[in-house]
Amino acid sequence: MPEMPDLTVYLEHLEARLLGATLDGVRLGSPFVLRSVTPGVDEVRGLRVQGVRRLAKQIVLELEGDCFMVVHLMISGRLQWRAQGVRKPGRNVLALFDFSTGTLVFTEASRKKRAALRFVRGRTALAALDPGGLEVLQVDLEAFADRLRNANHTLKRALTDQRVLAGIGNAYSDEILLTVGLSPFKRAGALSDEEVERLFAACRSVLTEWTERLRLEAGGRFPAKVTAFHKEMAVHGKYRQPCPRCGSPVQRIVYAENEANYCARCQTDGRLLADRSLSRLLKDNWPKRLEDLE
């Protein structure tokens, strides 16, 4: 799922191409992508783009007439920029937005079709789509600490819950937790003041660093390879590969459709965290420490 760094770069390129442009038309490739009724597609045709912003993990285009186009990419949704009036390119296309400056293509690779498009009118309707998470780059340490400790979650869940913090997902939470050396299963409410301060700094540094990386990678081209997996990442997607800090094999916990990647030596004092499915299957044979894997 695209997260804050990826979305920030998307927004920068969209702003450069769309600010002041007119939305000439919307072509829906899937009847299920549109999750709103009012205003209708015909009502937004001909409106100019007045602003581009992010709302948690959603991309928002502000149109004339107090109308907003809200795109939620979810896990597999992506955006492409094409020449004006391009034909529908491929079966994964959910929608095409024809602007006076070019065509924005909204795709989704997954068959589950979770990505969504909404048109809403008025700032109250837009605010209703905001899950309420804090923007970690826009708040101070006190606000961050207060929100984190009141979450009553594990650190992994607190970092990725859009009602707690906005824009962080599975990938960058793994990188943040390795940077700060904390277990993904540690309770947010149990953090010391020193740990909260280090976590706050790690969130800001990791997100800032990766935004700059992706910005440089894209250059002047519209981002074409938006992914949650990068070879430069330390732990995310690196299961069984050596941790760049200590050389121990990176571990993984799989749950539902998500996973947490971590280094047992750097983050859990050598303890292996229990995977719900495998640990139940193996029971007493489930390894408890890193040494048990040798």
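## A charge over a ring

In this predicted model, the charged end of Arg 213 is placed over the ring of Trp 210. The distance from that charged end to the centre of the ring is 4.7 Å.

## Aromatic pairs

The structure contains 3 aromatic pairs. One of them joins Phe 144 and Phe 200, whose ring centres are 5.0 Å apart and whose planes meet at 45°, so this pair is classed as tilted. The class follows from the angle because planes under 30 degrees apart count as stacked and those over 60 as edge-to-face, with the rest being tilted.

Phe 144 belongs to helix α4, which covers residues 141–149, while Phe 200 belongs to helix α7, which covers residues 193–218. The pair therefore ties together parts of the chain that are 56 residues apart in sequence. Phe 144 and Phe 200 are both buried.

## The largest pocket

The largest pocket holds about 800 Å³ of space. Its lining consists of 30 residues. Those nearest the centre of the pocket are Thr 160, Gly 169, Asn 170, Tyr 255 and Asn 258.

The largest share, 3 residues, comes from α5.

Methods:
Residues numbered from 1 in each chain as written. Predicted model: local features only at pLDDT ≥ 70, side-chain atom pairs only at ≥ 80, totals over all residues. Heavy atoms only, no water. Phe/Tyr/Trp six-rings, centres within 6.5 Å; stacked < 30°, edge-to-face > 60°. Helix = DSSP H or I, 4+ residues; strand = E, 2+ residues; numbered from the N terminus. Buried < 20%, exposed > 50% of the residue type's maximum accessible area, 1.4 Å probe, protein only. Lys NZ or Arg CZ within 6 Å of the ring centre and 35° of its normal. 1 Å grid on protein atoms, 1.4 Å probe; cavity = no way out; pocket = protein on both sides within 12 Å on 5 of 7 lines; lining within 4 Å. Points joined across faces, edges and corners; volume = space filled by probe spheres on them.
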